[in-house]
2 protein chains.
Amino acid sequence: MANAYASQSFTLPAPLSLDNGETLASAQIAYETYGELNDEKSNAILICHALTGDQYVASDHPITGKPGWWVRMVGPGKPIDTDRFHVISANVIGSCMGSTGPASLAGDGKPYAMRFPVITIRDMVRGLIALLDGLGIDQLHTVVGGSMGGMQALSLAANFPTRAARVLVLASTARHSAQNIAFHEVGRQAIMADANWLEGDYYGGDVPASGLSVARMAAHITYLSEEGLTDKFGRRLQDRDSKSFGFDADFQVESYLRYQGTGFTQRFDANSYLYITRAMDYFDLAEEFAQSGNDTTEAAKLANAFAGHARGEGARFCLVSFDTDWLYPTAESRHIVHALNAVGAPVSFVELSAPYGHDSFLLDLPALDRVVEGFLK
Amino acid sequence: MANAYASQSFTLPAPLSLDNGETLASAQIAYETYGELNDEKSNAILICHALTGDQYVASDHPITGKPGWWVRMVGPGKPIDTDRFHVISANVIGSCMGSTGPASLAGDGKPYAMRFPVITIRDMVRGLIALLDGLGIDQLHTVVGGSMGGMQALSLAANFPTRAARVLVLASTARHSAQNIAFHEVGRQAIMADANWLEGDYYGGDVPASGLSVARMAAHITYLSEEGLTDKFGRRLQDRDSKSFGFDADFQVESYLRYQGTGFTQRFDANSYLYITRAMDYFDLAEEFAQSGNDTTEAAKLANAFAGHARGEGARFCLVSFDTDWLYPTAESRHIVHALNAVGAPVSFVELSAPYGHDSFLLDLPALDRVVEGFLK
């Protein structure tokens, strides 16, 4: 039985093979669990987190003290019901909340920093599979994730088709677009431009907080819709009656973004941001499964990734997109659905209407609750 | 007769009154002209430039050596025909190509830097009007501008309704949205985070090139459509056959953005970027002309701005938007058209289909040429 609300850590028994050809020795995976695992070990749900997320899905964050990032979805009687399911959420390799990443100590006792290998989404998933092996869980009831969590769910389904009976993908994509890569590159350049970055060797000194804050601000805009920003802030001024004719945060939206940026730097490592954005940019499931010659269309290439689910013999899939999500718009989900259809995998797909853009999967949206509940029945 | 291809400079005979309550003494306006002014002085077209534009509309840029930014539109036999019109383009106050801005010397012989007053779009227009006064031009044939140039054209029409007979506004807006402000704030924070910025007092030393480059990269993404980026770059790699598993510019879109960023820093002053983005964020023509009490709708508020054009007694207007422009989407142009309709001003409006987003007004688009030609007839 899992300890309810304390992070646990799993040390991989074997070196983790990576897509770049290297291996990562003695990698650790930090994880949280909620609800009890049944005797058959058949009620486990793995929740994969997004770029800046972590394993604190439904328990207070140890640094910020804030409630878990998906408390509205996960808990007793909630859509992902911990009275019924054993929920596992693990910090991905490359991140900074206990799993091995650039801030971790390498064999020489010093932080890896930029010596950490460039990893992929599939490498993160290999780490998660090793954790499931360690926990003795052969097949998940469901793997679920939003945004980068959805990429992990897709990668798990593609590379380890027997390991999950259901795959739930929210606001995600099977490939990073040129615009997605472009926004991430802005963030990386902002971090690397920070005088404190020092080619990544800032541990023990001042961290590149200004650069990381700018990276977060730029990314945060992409998580919200234009309409959502207008509803929430419009052109309203912050704590003043008229413009200051200066460079303070006159507008509420400026104040909000600055707060998002600086708050983020207190809980996230800048090098982890570099590595994880890189993994996301590298993600292209069709390319990963491309076979020479025959596949002329993008849909046919992507269909290869789901060969393990052909003719309904694999997992059931559910995809959800949001109509105001311009980071991973509905067309990207539809592209995945077409590929799943091409192999005859059972898939349901819904575009939900929500005003808040990409972040809608994290917000209060009863329609999403109903989709999740229904899919887990 | 104007000298064809050399920048000229005009010193304002009186201090320039600014919206912040201050005045700017001995302000200079650098400008270019093309084509001859007729004896009646009735054939002048003022072209207002965008945020990072300048007066080199149709002549080589003195720093980069590149052709003017609108050579395809302006010249003998072109849509803005210099065989017929006397074209004037002036660097705005606050910029850095010869007009007075933060890099200019203040009365104490040192650069203004952050002592430069925070200006508005209307202040820029006041400078342009002073230039027209100096040139003895009572009424322009047309004032034209795209993006921030369109804001100036709208502000000129609103504040000086007799000074232009035609007003041509491309890919612009009457107000900056929360999302517009948010992207600009990211750019400003990137500049201010640069260790070389030194609260703006970097003149004579190393400039905050890294921060300015990041600002430009973030902004540049907003100038292009997602589709345009995908067409142009997709996920194609830059000069390599496979991913490097590193942080070089693996993808063409990364390489392109970095090039855009660093190239920009060679021709633009970081403090000017702060001041001009601030002026754009402050722009809200409806708010500027708001009358107490009665105007309940946004359209009614904006209509006040165009009171000088009521019942067809003022200028003729033409607005053009682009279907893939997500920076200033068509809805913003439509909002302006509604306000002009409300006062009975003659206005034509077209949304053009173009794949390249906001920057479409600068690119090869025969449909735009026809609209411009037709409106100037």
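**Figure 1. Helix α1 on the sheet of chain B in the predicted model.** Helix α1 (residues 121–135) of chain B lies across β1, β4 (28–34), β5 (44–48) and β8 (86–90) of chain B, and runs at about 60° to β4(B). Helices (H or I, at least four residues) and strands (E, at least two) are DSSP runs, numbered from the N terminus; axes are lines fitted to C-alpha atoms, for helices over the stretch in contact, and angles run from 0 to 180 degrees between N-to-C directions. This is a predicted model, in which local features need pLDDT of at least 70 and side-chain atom pairs count only at pLDDT 80 or more, whereas totals for chains, interfaces and linings use all residues. Residues are numbered from 1 along each chain as its sequence is written, and chains are lettered from A and ligands numbered from 1 in the order in which they are written.

**Figure 2. The open sheet of chain B.** Eight strands of chain B, in the order β1-β4-β8-β5-β9-β10-β11-β12, form an open sheet with mixed pairing, where two strands pair if DSSP finds at least two bridges between them. At the edges stand β1 (8–11) and β12 (347–352) of chain B, each of which pairs on one side only, and neighbouring strands of this sheet are turned by 20° against each other on average, direction ignored. Strands β9 (residues 142–146) and β10 (residues 166–170) of chain B run parallel and are joined by four bridges; Val143(B) has Val167(B) in β10(B) as its bridge partner.

**Figure 3. Strands β4 and β8 in the sheet of chain A.** Chain A holds an open sheet of eight strands in the order β1-β4-β8-β5-β9-β10-β11-β12, with mixed pairing. Within this sheet, β4 (residues 28–34) and β8 (residues 86–90) of chain A run antiparallel and are joined by four bridges, and Glu32(A) stands opposite Ser89(A) in β8(A). Helix α1 (residues 121–135) of chain A packs on the sheet, where it touches β1, β4, β5 (44–48) and β8 of chain A, and its direction makes about 60° with that of β4(A).

**Figure 4. The contact between chain A and chain B.** The contact takes 41 residues from chain A and 41 residues from chain B, two residues being in contact if their C-beta atoms, placed from the backbone, lie within 7 Å. On the side of chain A that touches chain B, at least two residues each come from α3 (178–193), α4 (209–223), α5 (226–232), α6 (252–265) and α7 (270–282) of chain A, and α3(A) gives the most, with 11 residues. The residues of this side divide into 22 nonpolar, nine polar and 10 charged; Ala, Val, Leu, Ile, Met, Phe, Trp, Tyr, Cys and Pro count as nonpolar, Asp, Glu, Lys and Arg as charged, and the others, Gly among them, as polar.

**Figure 5. Helix α3 of chain A against helix α6 of chain B.** α3(A) and α6 (residues 252–265) of chain B pack at an angle of about 50°, with their axes 9 Å apart, which makes α3(A) oblique to α6(B); angles under 35 degrees count as roughly parallel, over 145 as roughly antiparallel, 65 to 115 as roughly perpendicular and the rest as oblique. Ala178(A), Ile181(A), Ala182(A) and Glu185(A) in α3(A) meet Val253(B), Glu254(B) and Leu257(B) in α6(B), and the residues of this helix contact divide into five nonpolar, no polar and two charged.
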